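The sequence and structure are shown first.

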Amino acid sequence: MPNVDRLKCLGTAKKIVPLLRDIHGLQETVIFPAYEAQLTPAEAKLASTSRLRVEHLEDQCFASEVAETLLAIGHGNPIESPEAVGFMLRGFFEGLRRHIAFEREHVLPRIAISDVGA
């Protein structure tokens, strides 16, 4: 990981967990209740929003680990294993991508929200 911008690492580390927490809070208090109100009784038994809420917790825990790593890099600590950092970042982003894809396919259409331009 040559040419790492330490200030960007520090800025991202500072913002990533609060940002996710705020986004998840909005989803859990506004979006998910609107989605659940549109479900049929059979669909409600699938507990999709329960799974999404658990994923929110997992994402926030993962984001904390990413933030910790970025803080260390931002403070000038050596990157002992660039491969491990890359693997961690890919895992974090892939989990978020899957979560967002599910919401775009299933949640947003049910509550008539378009993510055009997203």
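Asp-59 is found in helix α3, where helices (H or I, at least four residues) and strands (E, at least two) are DSSP runs, numbered from the N terminus. The model is predicted: local features need pLDDT of at least 70 and side-chain atom pairs count only at pLDDT 80 or more, while totals for chains, interfaces and linings use all residues. Residues are numbered from 1 along each chain as its sequence is written, and side-chain values use heavy atoms, with hydrogens and water left out.

With a relative accessible area of 8%, Asp-59 is buried; the term buried means under 20% relative accessible area, exposed means over 50%, and partly exposed lies in between (1.4 Å probe, protein chains only). Leaving aside neighbours within four places in sequence, Asp-59 is in contact with Leu-20, His-24, Phe-92, Leu-96 and His-99, contact being heavy atoms within 4.5 Å. From Asp-59 to Phe-93 the C-alpha to C-alpha distance is 9.4 Å, although the two are 34 residues apart in sequence.

His-99 lies in helix α4 and is buried, with a relative accessible area of 4%. Not counting residues up to four places away in sequence, His-99 touches Asp-59, as well as Gln-27, Leu-52, Glu-55 and His-56.

Beyond residues up to four places away in sequence, Thr-49 touches Phe-32, Tyr-35 and Glu-36. The side chains of Thr-49 and Glu-36 make a polar contact at 2.4 Å. A polar contact is a pair of N or O atoms within 3.5 Å; within protein, one must be able to donate a hydrogen and the other to accept it, and residues adjacent in sequence count only if both atoms are side-chain atoms.

Gly-25, in helix α1, is partly exposed, with a relative accessible area of 28%. Gly-25 and His-56 are 31 residues apart in sequence, and their C-alpha atoms are 9.3 Å apart in space.

## The largest pocket

The largest pocket holds about 470 Å³ of space. It is lined by 23 residues, of which Leu-20, Ile-23, Gln-27, Ile-100 and Glu-103 are the closest to its centre. On a 1 Å grid over the protein atoms alone, a pocket is an open set of points where a 1.4 Å probe fits, with protein on both sides within 12 Å along at least five of seven lines; lining residues have an atom within 4 Å of a point. Grid points are joined across faces, edges and corners, and the volume is the space filled by probe spheres set on the points.

Helices α1 (6-38), α3 (48-74) and α4 (82-110) each supply at least two residues of this lining. The most comes from α4, with ten residues. By class, the lining has 15 nonpolar, four polar and four charged residues; Ala, Val, Leu, Ile, Met, Phe, Trp, Tyr, Cys and Pro count as nonpolar, Asp, Glu, Lys and Arg as charged, and the others, Gly among them, as polar.

## Overall form

The protein chain has four helices and zero strands, in the order α-α-α-α along the sequence. Its C-alpha atoms fill a box of roughly 55 × 20 × 20 Å along the principal axes. The radius of gyration is 17 Å, whereas a compact globule of 118 residues would have one near 13 Å; the value is taken over C-alpha atoms, and the globule rule is 2.2 Å times the number of residues to the power 0.38.

Of the 118 residues, 31% are buried. Among contacts between residues at least 6 apart in sequence, 78% join residues at least 24 apart.
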